[in-house]
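Student: I have a chain open on my screen and want to read it piece by piece. Can we go through it by question and answer?

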Amino acid sequence: MTNKKILIVEDEIIVAEDVAVRLKKLGYIVTDIVTTGEEAIERAEHTKPDLVLMDIVLEGDIDGVIAAEEIRNRFNIPIVFLTAYADEKTLHRAKLTDPFGYILKPFHQKDLQANIEIAIHRHELENKMQQALENSEQLRQIAQEQAGRQNKYVAMAAHELRNPLTAIVASTKLLEFNRSRWDDESKLKCLRLIQSATQNMNQLIEDMLMIGRAEADQLKFNPAPLNFSEFCQFLVEKMKLSTESKHQLNFVSSGVIVATLDQRLLQHILSNLISNAIKYSPNGGTITLELEIEKSKKEFPNQESSAVIFRVRDDGIGIPEEDLEKLFEPFHRCTNVSGIAGNGLGLTIVKKAVDLHGGAIAVESEVGVGTTFIVTLPC
């Protein structure tokens, strides 16, 4: 039994009934018998048959050729003409609809079955080929987009590396020409400049490598049980050692929270957000990392577990509204950062790490007042 569905379009009811009986004996399912082109289009849309057996001369305002063209174009259903007409004009019109068969009345049952089976098989092959072509085109476009992004990243990275390289070259030349005239303090200042430029280059390279791994789906998500309270407290204490005394770093928690997340990715998320808060609060102020567990599932309706929420608040320069849309794009820097150092990759890394957790990130900011990043991670 084939179980293939066939719509019969035939205005001679006796012929239609005879065809229906033959089809049922062959194991096909007859979805409908209609007598007009208009009905054929309507029933084809409603029942979605696997094939339409179409007479050419029909009742109504449109004939079988016009109805076949409409059904083929709109619903991609194969058409086999079953007609008594074989004149050149009719054949020419029928060919324009790209039919899958043309059977002349009277016909033999074996001819009917052969035409139907070949038509359905050909249609399935065409659909598979079309799907393969679409998949191939999609893969080509993805590869092209990835290549374009990589070229863009390389160009941007080369541009960003010029500044620290220029600083290093200039500093070494100054040391060379002034080594006999400069005192130890001047030489030390120049060496510190070289060291800072080298660190900036190293950070840019590390960030680029991480984004490259993320683009190539090589950045893995490895969740494990973690005491967030201890982790956040340790991170804040560590970052206090590297920041100037004019910034005050605080950690606020609703209690001891233990859940399962990727510690390495979480390190990237929080360290980048806290570093940015420090960097863009040039006049000092308070930077706070808040941690809480969220029992509500409104952020993740399909998750059975709760979510952990991190908030990083600062009293810094804020983010202009026009920059919010491009905030997580690689190398994007806000219009109000002025001469504050940075490569524009930190928030891109944060976003990719949040996405790997299946989480969400939001930002609330006001220029001149401060910024709060809210990271919600299902755990």
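Student: Is asparagine 76 buried, exposed or partly exposed in this predicted model?
Tutor: Buried means under 20% relative accessible area, and exposed means over 50%. Asparagine 76 comes out at 34%. That value falls in between, so asparagine 76 counts as partly exposed.

Student: Where does asparagine 76 lie, and what is its phi?
Tutor: Asparagine 76 sits in the loop between α3 and β4 (79–83). Most residues other than glycine have a negative phi. Asparagine 76 has a positive one, near 55°.

Student: What is phi at lysine 48, and where is that residue?
Tutor: Lysine 48 is in the loop between α2 and β3 (51–54). Its relative accessibility is 45%, so lysine 48 counts as partly exposed. Phi is positive here, in a residue other than glycine: near 50°.

Student: How are α2 and α3 oriented to each other?
Tutor: Helix α2 (residues 37–47) and helix α3 (residues 64–75) have axes 9 Å apart, at an angle of about 20°. Angles under 35 degrees count as roughly parallel. The two helices are therefore roughly parallel.

Student: Which residues of α3 make the contact with α2?
Tutor: α2 passes α3 in a right-handed crossing. From α2, the contact uses Gly37, Ala40, Ile41, Ala44 and Glu45. By class, the contact has six nonpolar, one polar and three charged residues. On the α3 side it is made by Ala67, Glu70, Ile71, Arg74 and Phe75.

Student: How many charged residues are in the contact of α8 with α9?
Tutor: Helix α8 (residues 263–279) and helix α9 (residues 346–356) cross at roughly 145°, their axes coming within 9 Å. Among the contact residues are Leu265 and Ile269 of α8, and Val350 and Ala353 of α9. The classes are nine nonpolar and four polar, with charged residues at none.

Student: What is the radius of gyration of the chain, and what does the globule rule give?
Tutor: The chain has nine helices and 12 strands. Its C-alpha atoms fill a box of roughly 110 × 55 × 35 Å along the principal axes. The chain is more spread out than a compact globule, because the rule gives 21 Å for 379 residues and the radius of gyration is well over that, at 35 Å.

Terms used
Residues numbered from 1 in each chain as written. Predicted model: local features only at pLDDT ≥ 70, side-chain atom pairs only at ≥ 80, totals over all residues. Heavy atoms only, no water. Axes fitted to C-alpha atoms, helices over the stretch in contact; angles between N-to-C directions. Helix = DSSP H or I, 4+ residues; strand = E, 2+ residues; numbered from the N terminus. Parallel < 35°, antiparallel > 145°, perpendicular 65-115°, else oblique. Left-handed = near helix turned anticlockwise from the far one by under 90°. Contact = heavy atoms within 4.5 Å. Nonpolar A, V, L, I, M, F, W, Y, C, P; charged D, E, K, R; others polar. Rg over C-alpha atoms; globule rule 2.2 N^0.38 Å. Buried < 20%, exposed > 50% of the residue type's maximum accessible area, 1.4 Å probe, protein only.
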